[in-house]
Amino acid sequence: MTPRDPARRSAGLLLFRHRGTGFEVLIGHMGGPFWARRERAAWSVPKGEYGPEEGAEAAARREFEEEFGHPVPDGAWLPLGESRQAGGKIVTVWAVEGDLDPATAVPGTFTMEWPRGSGVRREFPEIDRFAWCAPEPAAERLVEGQRVFVDRLRDRLTGGRGPAAHGGGA
């Protein structure tokens with residue numbers, strides 16, 4: 001598959017918790033040297049790719065557990081639909097209510113040559129830190145193609161009466 005192949009798919013879980021009159025979502029800062037000094041548009045819903053042999057829900061559960069290092073909290077899965085990312089990948093996300101401590105995360109890792117061309121392979125965390133964020137700061141931190149999931153969750157939790165900070169989109 002090529003990077004722009006629309007058949008590339010990812011699935012993820014957006015954990016949320018109620019706080020006061022609102023809610024917060026758990027998002028992760030992407031690991032590795034490319035994202036190290038970035039904050040805006042450098043965070044992600046815990047998610048990952050899957051192939052035709054695995055269902056989207058199973059992949060979302062697997063990826064959350066690999067990236068956060070703990071099982072998905074028990075609870076109803078709220079479907080937040082799909083969004084096509086800038087690179088063409090289609091991401092499907094569910095929301096689950098739960099309250100995990102970001103300090104207890106044990107993220108999975110990946111290996112890459114770094115610095116490029118050096119021949120040295122180094123290991124980096126897939127997600128280097130997690131944080132609970134209210135919807136507006138979460139949307140600023142998330143990569144653009146995933147912001148829609150925060151808006152969709154807000155709509156689900158408020159019955160469509162909440163402010164939509166970043167509009168819709170598929």
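Me: A salt bridge is taken as a side-chain nitrogen of Lys or Arg within 4 Å of a carboxyl oxygen of Asp or Glu; how many salt bridges does the structure hold?

Reply: Side chains of opposite charge can pair when their charged atoms come close. In this structure there are 14 salt bridges. The model is predicted, with local features needing pLDDT of at least 70 and side-chain atom pairs counting only at pLDDT 80 or more, while totals for chains, interfaces and linings use all residues. Residues are numbered from 1 along each chain as its sequence is written, and side-chain values use heavy atoms, without hydrogens and water.

Me: Which elements or loops do Arg129 and Glu39 belong to?

Reply: Helices (H or I, at least four residues) and strands (E, at least two) are DSSP runs, numbered from the N terminus. The side chains of Arg129 and Glu39 form a salt bridge at 2.0 Å, N to O. Arg129 sits in strand 9 (residues 127-133) and Glu39 in the loop between strand 2 (22-30) and strand 3 (43-44), so that this pair, 90 residues apart, links distant parts of the chain.

Me: Are Arg129 and Glu39 buried, partly exposed or exposed?

Reply: Buried means under 20% relative accessible area, exposed over 50%, and partly exposed in between (1.4 Å probe, protein chains only). Arg129 is partly exposed at 33%, and Glu39 is partly exposed at 36%.

Me: Where in the chain do Arg9 and Glu82 lie?

Reply: Their side chains meet in a salt bridge of 2.4 Å, N to O. Arg9 is in strand 1 (residues 9-19) and Glu82 in strand 5 (residues 77-84), 73 residues apart, and the pair links distant parts of the chain. Arg9 has a relative accessibility of 22% and counts as partly exposed, as does Glu82 with 38%.

Me: How many helices and strands does the chain have?

Reply: There are three helices and nine strands, and their order from the N terminus is β-β-β-β-α-β-β-β-β-β-α-α. Buried residues account for 46% of the 170 residues in this chain.
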